[in-house]
Amino acid sequence: MEKKTSIVNGESKTASAQDLVSNRPKSQKSLDLDDLFGFTEARKKLERRDEDKAVEPDFVPYRIFLNNLDSYLGRYMSEFLSDQVFGGLKSQDEGEEQEPEDIEEEEKLEEDEENIELNVKENAKNETKESLKNNYEIIGTVKNSEYRKTESIKSIIDSSNREEFLPIILKCGFIIYNISEDNSQISEAYWTMKAIEAQLDKMKEEEPKAFEAMKDIRHFILISTIMTWALTKPIDPHKEKFKTLVIATGVTYGKEEDILHAVFKMAWENPPSLPVILPGKNLIPLIHIMDLASVLHNILEKFPKKQRYILAIEMVVSKLKKIMKVISTTLANGECRNIQKEEAFLIPEISQQLYDVLTVNLNMQPMYIVENMDLKWVSELGFVDNIQQIVTEYREANKLKPLKIFIHGPPAVGKTIIAKRLCSYYQLHYLCIQDVVQAAIAELKQKVEKAKEKDKEEKLNEDQEDEEEVEEEEEEEEQDNFEEISDLLAEIEANIQENNGQLDENYVIRFLKEKMISNPCQNQGYVLDGYPTTIENARALFQAEDDEEEETAEEEEEGGGEVSFNKKIMPEYVISLDATDDVLYSHVMDLPAEEFKNNIYSEENMISRVAEFRKINTNEDTVLNYFDELEVHPFLLDVTNDTSLYMEKTFKIITDKIGKPRNYGSRSGEDDEFTKQEKLIKKNELLKQARKEELIRRAIEEQRAKMEEWANLLNALKEEEEELLAIQGMPARHYLMRYIFPTLTRGLLEVAHIRPEDPVDYLAEYLFRENPEGKMFQPDYAEAAEDLMNAVQLFKDSLIKADTLGTTDSNHNF
């Protein structure tokens, strides 16, 4: 038996567990050993804990059902709400309300000793509630069955089996249906609302007391749009147990964009202009997707008591023309064009849904959310004023990262071929000095001409409405200064004349930097062909702008004084091609004759250019060292052994190094234009070769057939000649008996039988009838021999004709 040792008055005594139980008071004798050591209580706690885990409560107030979790709105709503604490805003408000404004009340509470114990208990309860606070749980349905559940989603349920679906919905404190993106969800939302209503009616009818005592309140929220909000009627049959609300949202935008994604993508692809559907002055209510999520969170925390409709839009309502203008300015070239409503459907990017959004005209103000909600706006200033942040979100959400490449190498090494192939494959912009300078000068001239035309129009249209004058003033502020452009153009023309057709390096760098910083190159990227050539040019071109110098200075202090550069235009890849001088000269010899019209490929120029390149590109002094210092390590390639027309081997190595195409217009798995052209050339060569082989095969077969026929004819002729020789050597009697008498005998018998008046004439006619060719007096005549000779002559004619045609085809096709 187990024994225990105790010390009493300094003496050690040993007692058994049974003795201890027998020595206890009578009230405790009923306790067993498990009670004595606390095992029973511990076991009960574990059982209660297991029961709590196994049995899910019938109602979870912080659980949210949201349909179409994989939609644009569903993804961002679930992500935002799952990070919020249920009752978080309420506790903040209660804390603010609990701050005593009346000192007398606070003193009374302190003086009342009887309430001290109650306060302690209340505080304990509050602490317990704080420890039990939960984040919102998100469950819902999805449109795509292959959609993977994210961390923000507790579970994905199937609404097709409504018997299983309804009990799950009834456990949710909030049921949210978004019908703004999928019209098929209208019927689903209606059924769900009616099913909950029927279930509550049944509960009220069967157990009225339990229904009245029930504290569970379910909230049904319908997210509609400004396009249909007036037709949406909420049902509120149980104001205390089942509350409903309609949220009419503006056109949502932000992140990867929703319905406006087509407009953003259109601008990102750098069209000549963005379309504006006339008149363009219509007001479009908008709201950022995260601001809409914040509005929804406020509603969940403080569900409106009387409000049945809530308008969720921005405080600033923008016009269509202004919206398209800022998108074009930030992502494209800033140009817009006016189109009629009928023309809109000729643009593939404009769907019926987008057309409805772009033509809506609603002037609304979100009074309820402004007056009753303390929102932390993401886009408080509105779409137009917040366009830079919106475009940044759009690029990041869609992973639109520009690809910037610099191709370096000696003349005629193949830089232009590789650069243009990379532009075609990766959908980039090709930059070479000559093209950039010419385009910049042409653009300056165009701006000057445009400014002159506008001055003329302003003089003719002096009496216009005030609103139109305001719009014209806004457009004037966006245009470049006419005098500055004119002065710059004059300076450039003077500089070109002074330098014999060449432009100073500072102008070249200026134009090239402007092109690289432009929206097209910042959207897709560029391939820079052969420039800069020296370290000095590279430093001047990639020098950090004034805005970036301060950030760079701070980075230099932290990182040990690195060289400053403009991150927006610095190439991501530097590829250096090289080959021996002999290979370079052979490349020039293989160029088309048209290329030699340009004097740069003359023998003297090529030798001097190659020598100049070797001089400024040594191991110690080369422009590649500049990039190497900036951790943009050059990729060196020897193209000596690449003899293909479009440098297929080199192109394959470079694309493997860079990786698959990015952004929109991905050509992953597709051939670029140069590859297609090279394949077409190879295909044509193979077709020509196959055609030539087929002609040769046919000619051989025809020749063989003709030779066989010729051999057969020769054999027949030989036999005929032998027969003629045999005839000539035959005695006269035998000859007459074989060739003359048979026919003559038949003729004489015919004369004797008929007995004509002139028997000799009749006999002559008979013999002529038997030999109609009239050659009966030629001893060597025979019908078979004549046929043979005719066939020989035809064979000779066909051989002569075939040889003539074969010579002509070879001259044209081979």
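Is Arg-614 buried, partly exposed or exposed?

1. Arg-614 is partly exposed, as its relative accessible area is 27%. This and every other value below refers to a predicted model. The side chain of Arg-614 meets that of Asp-578 in a salt bridge, at 3.1 Å from N to O. The pair links distant parts of the chain, with Arg-614 in helix H27 (residues 603-616) and Asp-578 in strand E19, 36 residues apart. Asp-578 is likewise partly exposed, at 31% relative accessible area.

2. The overall composition may be stated briefly. The protein chain has 814 residues, of which 36% count as buried. Its secondary structure comprises 33 helices and 20 strands. Of the contacts between residues at least 6 apart in sequence, 76% join residues at least 24 apart. The chain exposes about 51000 Å², and carbon and sulfur atoms supply 50% of that area.

3. Further salt bridges deserve attention, the search of the whole structure having found 14. Side chains of opposite charge can pair when their charged atoms come close. One of these bridges joins Glu-572 to Arg-662, whose closest N and O atoms are 2.8 Å apart. Glu-572 lies in the loop between helix H25 (546-559) and strand E19 (573-578), and Arg-662 in the loop between helix H29 (648-658) and helix H30 (673-728), so the pair ties together parts that are 90 residues apart in sequence. Glu-572 is partly exposed at 29% relative accessibility, and Arg-662 is partly exposed at 22%.

4. Helix H9 (residues 185-206) contains 22 residues and spans 32 Å from its first C-alpha to its last, close to the 32 Å expected at 1.5 Å a residue. Its buried residues include Ala-189, Met-193, Ile-196 and Leu-200. The buried residues of H9 pack against helix H8 (162-170), strand E6 (172-178), helix H10 (208-213), strand E7 (218-225) and strand E8 (242-249).

5. An α-helix has 3.6 residues a turn, so residues three or four places apart point the same way. Lys-194 is partly exposed, at 33% relative accessibility, whereas Glu-197 is buried, at 15%.

6. His-219 is located in strand E7. With a relative accessibility of 12%, His-219 counts as buried because the cut-off for that class is under 20%. A polar atom of its side chain lies 3.5 Å from the backbone oxygen of Ile-217. Leaving aside residues up to four places away in sequence, His-219 touches Gly-173, Phe-174, Ile-175, Lys-243 and Phe-303.

7. Ile-138, in strand E4 (residues 137-140), has a relative accessible area of 1%. Beyond residues up to four places away in sequence, the contacts of Ile-138 include Ile-64, Leu-69, Leu-81 and Ile-153. Thr-330 belongs to helix H13 (residues 320-331) and is buried at 10% relative accessible area. A polar atom of the Thr-330 side chain is 2.7 Å from the backbone oxygen of Val-326.

8. Most residues other than glycine have a negative phi, and most peptide bonds are trans. The peptide bond from Leu-278 to Pro-279 is cis, with omega near 10°, and Pro-279 sits in the loop between strand E10 (274-277) and strand E11 (283-284). The bond from Tyr-531 to Pro-532 is also cis, with omega near 10°. Asn-270 has a positive phi, near 60°, in the loop between helix H11 (261-268) and E10. Arg-755, which is not a glycine, has a positive phi of about 60°; Arg-755 is exposed, with a relative accessible area of 70%.

9. The final point concerns the surface. Leu-736, Met-737, Ile-740 and Phe-741 form a nonpolar patch there, with about 310 Å² of accessible area together. Phe-741 is placed in helix H31 (residues 732-754) and is partly exposed, at 32% relative accessible area.

Terms used:
Residues numbered from 1 in each chain as written. Predicted model: local features only at pLDDT ≥ 70, side-chain atom pairs only at ≥ 80, totals over all residues. Heavy atoms only, no water. Patch = residues over 30% accessible without salt bridge, like charges linked within 9 Å, V, L, I, M, F, W, Y side chains within 5 Å. Areas by Shrake-Rupley, 256 points an atom, 1.4 Å probe, with all protein chains shown as cover. Salt bridge = Lys/Arg side-chain N within 4 Å of Asp/Glu carboxyl O. Helix = DSSP H or I, 4+ residues; strand = E, 2+ residues; numbered from the N terminus. Buried < 20%, exposed > 50% of the residue type's maximum accessible area, 1.4 Å probe, protein only. Contact = heavy atoms within 4.5 Å. Expected span 1.5 Å × (residues − 1). Polar contact = N/O pair within 3.5 Å; in protein donor to acceptor, adjacent residues only side chain to side chain.
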